Amino acid sequence: MKRIILLFALLLEIISLPAQNRRYMSSYQSYPSYFNAAMTGFSGNTIHATYRSSHWIGFEGAPKTYFISSDLTLKRHGFGIAFLHDSFGPYRESELHVNYGYHINLSKKLKLRAGAAATLNTQRVDMSALEMNAQNDPAFQDFAQNFNNNIQVDFNIGMALTGNNFYVGYSLQNATQGALVSEEDYFNRAGYFHHVAQAGLRMAFSNRFGMVVNGLYRYDPTFLHTTEVQVKTVIRNAAWIGIGYRSETTCIGLIGFRVKQIQVGYAYELPGQRSTQANTGTSELILSYQFKTPKNKLNKQAKKPNPKSITIW
């Protein structure tokens with residue numbers, strides 16, 4: 001019996017690892033409102049969809065992520081919703097964000113933004129994906145019935161300063177530190193504040209070429225510091241190619257193109273030193289669509305976009 005309990009303890013510890021890991025997405029610059037609700041509506045009326053998959057050797061159930069989000073702007077108000085689903089072996093995690101943002105004009109080009117997001121996070125173990133030799137063991141049945149689910153409700157707050165060609169912001173996530181949960185179970189961990197800072201700058205050198213730099217910094221007491229930086233070359237506002245770097249020596253290659261209102265991007269990550277040797281890399285595919293903004297009939301003298309500008313982040 002002691003051996004069975006020890007085996008279950010080891011199994012639970014392995015399953016719990018994804019819940020404690022920090023989530024990474026290479027295309028973070030495409031949906032800044034997910035990391036900071038103050039950025040809701042920053043890119044206009046948009047919808048984004050992302051698929052992320054790791055390539056493992058000799059293991060089934062490699063990590064996969066599905067993400068979809070949408071932002072809507074109404075004058076100074078921004079509304080957004082985002083849904084993310086992670087799977088890793090028998091482990092499943094889903095996350096829902098409902099965002100609201102508001103901005104005031106400091107000048108013709110500068111905006112001060114503030115926002116908040118209500119979040120819902122669910123974690124569970126798919127028991128059908130577990131193959132146990134002793135399915136009728138009381139310890140297994142107890143886990144299957146009582147200790148394989150968790151629901152957590154929280155909220156994020158943030159502020160940002162944005163211009164035509166730059167943004168900088170800060171967000172405090174997990175603001176109640178995990179105080180609102182469904183029940184005390186194995187997956188429930190003491191919550192901590194998560195600090196997120198993000199910044200971006202884009203520069204046009206001519207009507208053909210430009211450069212975009214994006215950065216993301218995160219800190220929490222469990223995983224401490226993570227820094228991500230990306231540099232992209234943009235060609236005619238229609239295509240881009242770039243590289244990225246994440247703490248722990250993860251290197252990222254970026255490529256993509258845009259046709260009218262549709263953007264398609266692809267990123268490939270080479271695993272860092274701390275990644276398992278079974279992980280040979282991670283692919284990420286993103287698809288974005290930007291809805292046209294209705295023209296203001298009263299503003300007949302609206303200025304045309306400057307041809308020497310970058311409109312891609």
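What follows is a set of questions on labels in this predicted model.

Trainee: How do you know how far to trust the chain?
Mentor: Start with confidence. The mean pLDDT is 82, and 74% of the residues reach 70 or more. Strand β7 (residues 166-173) has the highest mean, at 97, and helix α1 (residues 2-20) the lowest, at 43. Over residues 1-20 the pLDDT is below 50, although this stretch has 27 contacts in the model beyond near neighbours in sequence. Residues 296-303 are also below 50, with zero such contacts. Where pLDDT is low, predicted coordinates should not be read in detail.

Trainee: What makes up the chain overall?
Mentor: Three helices and 15 strands. Of the 313 residues, 42% are buried.

Trainee: Why is H97 called buried?
Mentor: Its relative accessibility is 4%. The cut-off for buried is under 20%. The value falls under it, so H97 counts as buried.

Trainee: Where does H97 sit, and what does H97 touch?
Mentor: H97 is in strand β4 (residues 91-105). Leaving out residues up to four places away in sequence, H97 touches Y34, G80, I81, A82, A118, T119 and N156.

Trainee: Why is I104 called partly exposed?
Mentor: I104 also lies in β4. Its relative accessibility is 34%. Buried needs under 20% and exposed needs over 50%. The value sits in between, so I104 counts as partly exposed.

Trainee: Which surface feature includes I104?
Mentor: A nonpolar patch on the surface. Its members are L72, L74, F79, Y100, Y102, I104, L106, L112 and M159, with about 770 Å² of accessible area together. The elements giving two or more residues are β2 (64-74) and β4. The largest share, three residues, comes from β4.

Trainee: What makes the pair E95 and R23 a polar contact?
Mentor: Their side chains come to 3.2 Å. The limit is 3.5 Å between N or O atoms. The distance is within that limit, so the pair counts as a polar contact.

Trainee: Is E95 itself buried or exposed?
Mentor: Buried. E95 is in strand β4, and its relative accessibility is 14%. Among the residues that E95 touches are R23, Y34, A82 and L120.

Trainee: Why is the pair E93 and R23 called a salt bridge?
Mentor: The closest N and O atoms are 3.4 Å apart. A salt bridge needs them within 4 Å. The value meets the cut-off, so the label holds.

Trainee: What does that pair tie together?
Mentor: E93 lies in strand β4 and R23 in the loop between α1 and α2 (32-35), so the pair ties together parts that are 70 residues apart in sequence. E93 is buried, at 8% relative accessibility. R23 is buried too, with a relative accessible area of 18%.

Trainee: How many salt bridges does the structure hold?
Mentor: Eight. Side chains of opposite charge can pair when their charged atoms come close.

Trainee: What makes R52 and E269 one of these pairs?
Mentor: Their closest N and O atoms are 2.7 Å apart, and the cut-off is 4 Å. R52 lies in strand β1 (residues 46-56) and E269 in strand β14 (residues 262-270), so the pair ties together parts that are 217 residues apart in sequence. Both R52 and E269 are buried.

Trainee: What about R52 and E284?
Mentor: They form a salt bridge at 2.7 Å, N to O. E284 is in strand β15 (residues 279-290) and R52 in β1, so parts 232 residues apart in sequence are tied together. Both residues of this pair are buried.

Trainee: Which residues are linked with R52 in a network?
Mentor: R218, E228, R246, E269 and E284 are linked with R52 in a network of salt bridges.

Trainee: How do you know that contacts reach across the sequence?
Mentor: Take the contacts between residues at least 6 apart in sequence. Of these, 56% join residues at least 24 apart.

How values were computed. Residues numbered from 1 in each chain as written. Predicted model: local features only at pLDDT ≥ 70, side-chain atom pairs only at ≥ 80, totals over all residues. Heavy atoms only, no water. Helix = DSSP H or I, 4+ residues; strand = E, 2+ residues; numbered from the N terminus. Buried < 20%, exposed > 50% of the residue type's maximum accessible area, 1.4 Å probe, protein only. Contact = heavy atoms within 4.5 Å. Polar contact = N/O pair within 3.5 Å; in protein donor to acceptor, adjacent residues only side chain to side chain. pLDDT = per-residue confidence, 0-100. Patch = residues over 30% accessible without salt bridge, like charges linked within 9 Å, V, L, I, M, F, W, Y side chains within 5 Å. Areas by Shrake-Rupley, 256 points an atom, 1.4 Å probe, with all protein chains shown as cover. Salt bridge = Lys/Arg side-chain N within 4 Å of Asp/Glu carboxyl O.
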